[in-house]
Structures are given as C-alpha cells and as structure tokens.
Amino acid sequence: MHTQELITRLKEIIDPDYVLSSEMDLTLYGYDASLEKGRPDAVVIPDSTEEVSKVVSLAHREGIPVVARGSGTNLSGGTIPTKGGIVIHFSKMNRILEVDIPNRCVTVEPGVITLDLQNQVLKQGFIYAPDPASQKVSTLGGNVGENSGGPHCLKYGVTTNHVLGLEAVLDDGTVIRTGGKARDCPGYDLTGLLIGSEGTLCIVTKMILRLLRAPEAVKTMLAIYDTIEDASNTVSAIIAEGIVPATLEMMDNVVMIAVEESVRAGYPLDAAAVLIIELDGMSDGMERQTRKIFEICKRHNVRDIQEAKDDAERARLWAGRKGAFGAVTRLKPSYMVCDGTVPRTKLPEVLRKVLETGKKNDVLIGNVFHAGDGNLHPLILFDERNKDELERVHKVTSEILKICADAGGTISGEHGIGIEKLKEMTFVFTESDLEAMRRVKRAFDPENILNPGKVIPEQG
Amino acid sequence: MNTNRLKSLQVIVGNENVKNDSGTISAHAVDGVAPWAVVFPESVDQVSGIVRLAREEDLALVPHGSGSKMGKGNPPSRLDLVVSTTRLNRIVDMDTANLTATVQAGVKFKDIQAALAPLENRCYLPAGTRGTIIDQEVCSNRENTGCFIPMWPECSDSATIGGIIAANSSGPTQLIYGLPRDMVLGIRYVAPNGEIIGMGGKTVKNVSGYDICKLMIGSMGSLGMLCEMTLRLLPLPESLGTCIFTFPDLKTASDFVDRIFQTRLLPAAVELMNRRACEYLIPEQASAIENTEYAVAVALEGFEEAVNRMKSETREMALESSAEKDFYLGTDAHRRFWNTYSNLVPSLSDPYPDTVSFRLNYPISGYTKVVESAESVIKQTRLDYLLLVHAGSGITMIHFPVDPGDQGVFDGLTSINKKLLGTCENIGGNMVVERAGLSLKEKLKVWGLPRTDMVIMKRIKQQIDPSGLFCPGRFVGGI
C-alpha cells in the first residue's frame, strides 16, 4: 500500500489530528533510549481498544509492520520501527480505569505513567511494586512489554509477578483477555508469556495489575567501602544470614564521583563502592535486623555505615542512585548501559572481568547495579561522535554479555533484547531453544507484522 | 508392531526400564485408558530419545510422576506410552548462597525440603516426613539457617516437583509466597519434536527472549515433558506458628477474615474452613469444635517479633468478631497441621477412593458469595463436603468424600458443578474439577468455561505439538 493511501485509511479509523506523518514526527518516533534509529511510515495515537484493533487489522490485511510504543525509554531498541510501518503510540490511552482495593488490583490502559499509578495507589496505602529507574516517564505498557525490573526485585520480583491479566489485540485484530482479577485461571499462562515479549506477539490494550499493602516500616542504610570485593561479599553475606532486604544496590567510584558532582548525595570521593540496603515490612524485628546488617558490614570491612533517620534522609540516600544514569553524562556525552545478570555469588569475579575488558579496550566503565539480584549495569561512557570509540564500545558491550553468560548468567535482566542484543542471544540459547521461541511467534503472528525483527534472531 | 517399538524403547532406556506387564500398565492407566507400555527414563537424553521415537511412530504419551495430579483433566483421546519420572530423581544443584536449587522432575517435593534444611528441626516440613535419602552433592555454604521452596502444594507427601510445576499446584501459603509460576527461574524440557530445550536460568531477573517457562508451568504436560527445573528459594522463616479460631457462623468468620486484611499484618496464609474440614485437620479438638460452623487458621511465618505481634493482634480481632474457641499451634504443631492440610485428599481417599474435588477461582473479595452459594447449593443434595477457602487468594476447594461406586450422587454433583460454575463465572471466575471418577467426569465441565484466549491456546498447541502427541485431549478446550 502506498504511504499516502495508508495515511488516508488510518485517518478513517482514528481522529485525523492523531495520525502523524510529518517529517519531524517520523523522526521523533524513530528512536528510543538505545543507540539505534529507524523511521516509521505513520504514527497513530489511538483512544480505544477498538481503534487499536482496527489499525492492526488493516496492517494485517496489507502486511504492514506495527510497533507499539509508550514513552520510548527502553534501552534495547525494542520500539524502533526498523522496518517502517505504523507506530502505535499509547499516550492517549493513559487512563487508570479502576482502583479495586477489595480485590487488590487496578485496571489501567498501557499509556499510564508508572509513577503516576504508584502515587495514586499509595494514597490509599497500597503499592504497585515494580519500580524501574525510569518510572517517572516510563509507561506501564512499556513495563509489561519489557518485563521491567527495578531496585526492589530482590524481594518483590519483576513485572511479571505483579500482572494478573491482560486485554490484547492479536495480529488479525481479534481482542482477547488473558488471566483476570480471578487468579490462577485454567489454561496456558498467556499473561506470563506475553509479558516481556516486547510487542512481538500482540498489542496489549489493558492491564490488571496486582496491588500490595504498603509496608508498615522501611529502613534505609548506606554503607561505604574501600574495595568493591568487600561490598559484593557483604551482599552475599546478608542473604546467607537469612535476611532478604527489599533492596541491595551498589555503585562504584566512577559513578559516585559523577553523582556527587550532580546531586551531592554526600558520598566520599575516594571510596571504592557504596551499598544502599533497604529493609521493609512489619516494624517488629526490624531493629534487630538492622543491627545484624551493621555487624555483617563491619565484618566485611565497611568504612562507614549510616542509617536514614527520616524520610528526608532516606530520599537523600536514594537521590544518588536514582540520579546515577543522568549524572554520568557529566563525564562523557553518551553512555551504553549493559544489563547482564549473574548468580549473585559470581558478582566479584564478573565485576573484575568487566573492568579488565574496559581497560583492555580503553573505554571508561562505571558500575551501578542491583547487587541483590545479580543484575549488573556497567555504564560504558563515550562520545558518540568518536567513531573509533563507538566501535570499541560495541565490542566491549558484547564481551561483557559473554562474561555474564559464561558465569551462568544471562544477557538481559530487565532491559530486553530488542535489536541491540539479537546477536548475543546465541550466548545463552541453542538453535533449538530459539526455534522453540519462533514457534511461539508463529502461533501468534504468522505473517510477522508485530514488531518484526525483534527479540529472536532470524534463522542462522 | 508393538514388539518392534518395545525393542526400540529398550534400546533407549534399557530392558528393565520398559514395562508392559498388566500390573504396571493398569497402575499407570490414565482416566481408565491404559498405555501399552510404561517407560522409566533416567536422563533428559533418554526422554529425548523416547519422544523422537514417539514422533516417528506417532505414539501418544502422557508424563507421570507420583500420580497425585492424574485425576485432573479429560481422559486422553489416545494413549500409547506413559513416561514415568520416577528415575529422574536427582538434585542437580543446590546453591543456597544464591537461593536456587536445580532438580529433576521426579524428585519428591518433601525430599527437596529435607535436603535444604541443615538440621531436621530446621526443616520447613515436619520431622518424620523425610523421604528416601538421595545421592547428592550439596554445595551449601549456609551453616545456620537453611532455606526452603516457599510453597506448600497439595499432596506434599507424595507429589514430585515436576508434577507440581506442570500443574502449577499451589496451597494456602500462596498468599505470601506466590504461585509456582513465581518461583521457577529456569526449566529444561523435551519438546514434542524431541529437542531438548533450556529456558531461563539461575537468576531472578531474566528477560532474554520469550518467557517460555511461564508457558510450560501449568500446561499439564500438553506441550512437552518437563525434565529439570531451577527454583527460587527463601531463607527459612525464623519463627513458625498458627492461630486457629472457631466461629458460630460464616458471617462472624468472614468478618474476622476481612479485619485481618484491613491491617498491615503479613500472615502466610488465612484459611477459612467448614466444620467437616476441621474434623479432619484437628481431630484432637473434636469436642471443642462440635458446635462450630466455621474456623479460620492463620499461618504466621517470619521474624520472631513479627510472629508474636501477629499472634496477639489476630487473637484480639478474632475475639472482637465473636470467635468462640482459640488454639495456638507452635512450630512443630504448625508444621504438622499444614502437612495434614496438604495431604487431606490422599487421607480422604483411603476410606473414600472416589473423592471428588472442585477448585473454584474468583476475584478475592468474592469469597463470601462463593461460600454462601456453595452452602445453599450443596445443602439441597445432602452431600457430605469439606470446604476450604484460601482467603486473600481467591481460591476455594470443595472435597466430596463419596462412597465407592455410589452413582446415586452423580446427579447431585453434576448440579453442584453447574450451579457453582455459574456463580464463579458471574463474578469473573472459573471452576476446575481436580479429581472425579471417569463416569462422573463425563457429565462435568472438567476445565470450567472456555474464554476468549482459547483461540490462541489452540494455535500454540498446534504450532508446538502439531501431531498431538502430548496428553492429547486432556487439557483445556480438548487441547
């Protein structure tokens, strides 16, 4: 179908003001938070499931690719329209449709901003647990597409553990519902399969998310270390003592320096690592756990450990971690964030290898990561204009993922595969494994119109 | 024909591990359909060999563990082989420092729990339930605390981990710990084309590719044979205890339940039970529960201070809700109580081998509606029944101890099935028949009502198992 005709047809389905096709619009919807770029033929901003269904059904008849998109914060190129086609942007489908406290769930449209939902339910004493660092801008639809994590996964799990049901549009425009407010429905766990499928199996148009009671008490601690090994060993030791904190976050010296310059969180500039430890739950017994954690830290040569006395102090301890990705751009204009994940006890060994790789290839690497669940985020800092450096960055990224895979880990903990890590899928999957995934893709989308070319590498 | 196939199977697993004597065959019949052979592979490679043969010869097969879930589902539309996981019984890796354990499908649940505990008195299950000791290399560096698989599914004395995961079987403690789907980090299985597939791994976070683990968990063997799984563990709770309160009627009992969920307490399970269920679970209190209609058991697992506070606060709330009697079960009694709870059906099956069980799911606040409806519908049939509600999780189990061969109850059970399915459906739920005799099953909606996602489930089955070799006809919608 000719582009102009496509746009005319789309305008018959959707309010013409919300069908975008100007040069600027197509450029704006051609990139996300990764390093890749593409260009759609048209962008639509639907207002209802019905409109999404009609757009997908048109695309299906005409064999046009469709890419669903939220705020575009994803870090692996998953929302880039590499093969052109239609981008469906969910900014208008951003309603919290129902907050159902008795059934401990909410029903939302995909365009709702993660933090907006969290703020709203917190007023009623509840939390939606997954808290990706981009929660201020990321959408819940994007979180479901990528199976997002965040700092609190160690205790609460990732997005998939908090989604009860979905409404989704299939490749031919059929609308289905999976799961629901009633948990544990008979049949295949399609909800679980769709979460993290990066828009390649269907287009999610509504989500039922699980709420939890907000914890009665929270205790946040900050521990400062002279070596990264001591900090890593503390992480393993805390869990070995039978304590599962809500969070165990770590930052290394490179990141700490950048953070100090931007948010002034009070980190010493000469330390090797800081660890943020947070307990939550019932207040009873928390004092004793805190003392135990202090002891464990001391046993592992902590230089200094402090505990937040109130919410303001807690916010200050967190400010550095939350602002870390932004702060590193003070050191270099661009960064590439890796997302390898390893069994927790392998952290010291893997970190050492990551730094060696950086040194060998002459690139600067800062580390900020979810230590509790073994999820590394090495930030490779560079200048995009320097082509030679960019090449080395891609090489180091791939090497880091190989290091993680070889240590019994995986190539993505929470950012997804998108297009950026297609090549590395073979580090963790055999051709048979990939073929099993392709069968699932064919069951949902035999014509390959839904976000084509993502997640699974084409047959080798 | 079958002689050649038997020989081929013997080549794969060894002569002694293919059985076709009448005893073995009838013991492994699936809903009355007997296979012509039962195979006992001991490795994933052997399973792969069996499935490749099945594919070449178009043989239908059903995986089999301890048999505790075999009553679930429709009778197979055809059956050649039962593939037993009995010899797939190795604990592959116990990495307690990373809080993961990797086990083969045939390992018994209770054996894993025992192996994870450094001392018998620190085991999550009660002493004496420890099963056979398995050859293993335990690479634990946890000396003091021990850990556990955070679930207590049905039939914990006999169930294998493979069966539990294949059925996504859960119990009352899903309230705090979640479902098996939340605890499986990785799997290895043999797909219907005979290929060995590995998905997931040893990390809690993993978004590399599609989450095929989720598809396989709860798929009841219809998409391949689960051989190995990596599970997420938790450190053993420091303190365990259970409060039980009795109430004169449903209203007072549910008032108490609702109060608990108004607080920020974190009980591990809140279980509402009718008197008949109590008689089985706490027989030693028979006289105390004589005039009771309902009881609520609250499981407390966590740090000592938290358990103590929950104990005193739940007691206060129960008294305010007109509780009549209250009992507290300490660590050992707690473990025994929930173990008895988990193994209620096998113990009922002793006098009543034809026990029928229904499992209802619905939005969690709908439990009073479901229980009221069950009471009134069942009353009309005069059937004896045990009713247990996982409050806060939206699950109700109803067991009917039926006298062997008593077909007189079929009409009553059929009408209960129909009416309660309607009740659940009205509030957005569904209802599954967990076990029933074959002739009764034919009259029941075994998997409840199909929903809009059935269309895609069929497409998935068609793509993954196009020849319908795995458990044909057994699953939802005749998949």
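K19(B) stands opposite V38(B), a residue of β2(B). The model is a predicted one. The strands β1(B) and β2(B), the latter spanning residues 37-39, run antiparallel and are joined by 2 bridges. They belong to an open sheet of 4 strands in chain B, with the order β1-β2-β4-β3 and mixed pairing. At its edges lie β1 (18-19) and β3 (61-64) of chain B, each of which pairs on one side only.

In chain A, strand β14 (residues 273-281) pairs with two strands that are described here. With strand β12 (residues 217-225) of chain A, the pairing of β14(A) is antiparallel and extends over 9 bridges. Within this pairing, M221(A) has I277(A) of β14(A) as its bridge partner. Strand β13 (residues 247-252) of chain A also pairs with β14(A) in the antiparallel sense, over 6 bridges. Strand β14(A) is mostly covered, with 9 of its 9 residues buried. Burial applies to both faces of β14(A): one side carries A273(A), L275(A), I277(A), L279(A) and G281(A), the other V274(A), I276(A), E278(A) and D280(A), and all of these are buried.

In soluble globular proteins, nonpolar side chains tend to be buried together. The largest nonpolar core of the model comprises 170 residues, of which F444(A), I161(B), I165(B), Y189(B) and M199(B) touch the most other members. Helix α14 (residues 387-406) of chain A contributes the largest share of this core, 7 residues. Another core, of 52 residues, lies apart from it and includes F247(B), V270(B), A391(B) and L440(B). When neighbours within four places in sequence are left aside, F444(A) is in contact with residues of both chains: L170(A), D171(A), L190(A), L193(A), L194(A) and L201(A) in chain A, and I456(B), R459(B) and I460(B) in chain B.

The contact between the chains involves 86 residues from chain A and 80 residues from chain B. Together the two chains bury about 6,800 Å², and 55% of this area is on carbon and sulfur atoms. On the side of chain B, K205(B), V207(B) and Y210(B) supply 14% of the area buried against chain A, more than any other three residues.

Over all chains, the structure holds 0 disulfides. For C155(B), which is in no disulfide, the nearest cysteine sulfur is that of C123(B), 18 Å away. C155(B) is buried, at a relative accessible area of 4%. The closest cysteine sulfur to that of C243(B) belongs to C278(B); because the separation is 14 Å, the two are too far apart for a bond. C243(B) is likewise buried, with a relative accessible area of 3%.

A further buried site is T423(B), for which the relative accessible area is 15%. This residue is found in helix α15 (residues 410-426) of chain B. Its side chain makes a polar contact of 2.9 Å with the side chain of S373(B). Not counting residues up to four places away in sequence, T423(B) touches K369(B), V370(B) and S373(B).

Notes
Residues are numbered from 1 along each chain as its sequence is written. Chains are lettered from A and ligands numbered from 1 in the order in which they are written. This is a predicted model: local features need pLDDT of at least 70, side-chain atom pairs count only at pLDDT 80 or more; totals for chains, interfaces and linings use all residues. Side-chain values use heavy atoms; hydrogens and water are left out. A disulfide is a pair of cysteine sulfur atoms within 2.5 Å. Buried means under 20% relative accessible area, exposed over 50%, partly exposed in between (1.4 Å probe, protein chains only). A polar contact is a pair of N or O atoms within 3.5 Å; within protein, one must be able to donate a hydrogen and the other to accept it, and residues adjacent in sequence count only if both atoms are side-chain atoms. Contact means heavy atoms within 4.5 Å. A nonpolar core is a set of buried Ala, Val, Leu, Ile, Met, Phe, Trp, Tyr and Cys residues joined through side-chain atoms within 4.5 Å. Two strands pair if DSSP finds at least two bridges between them. Buried area is the accessible area (1.4 Å probe) that two parts lose on being put together, summed over both.
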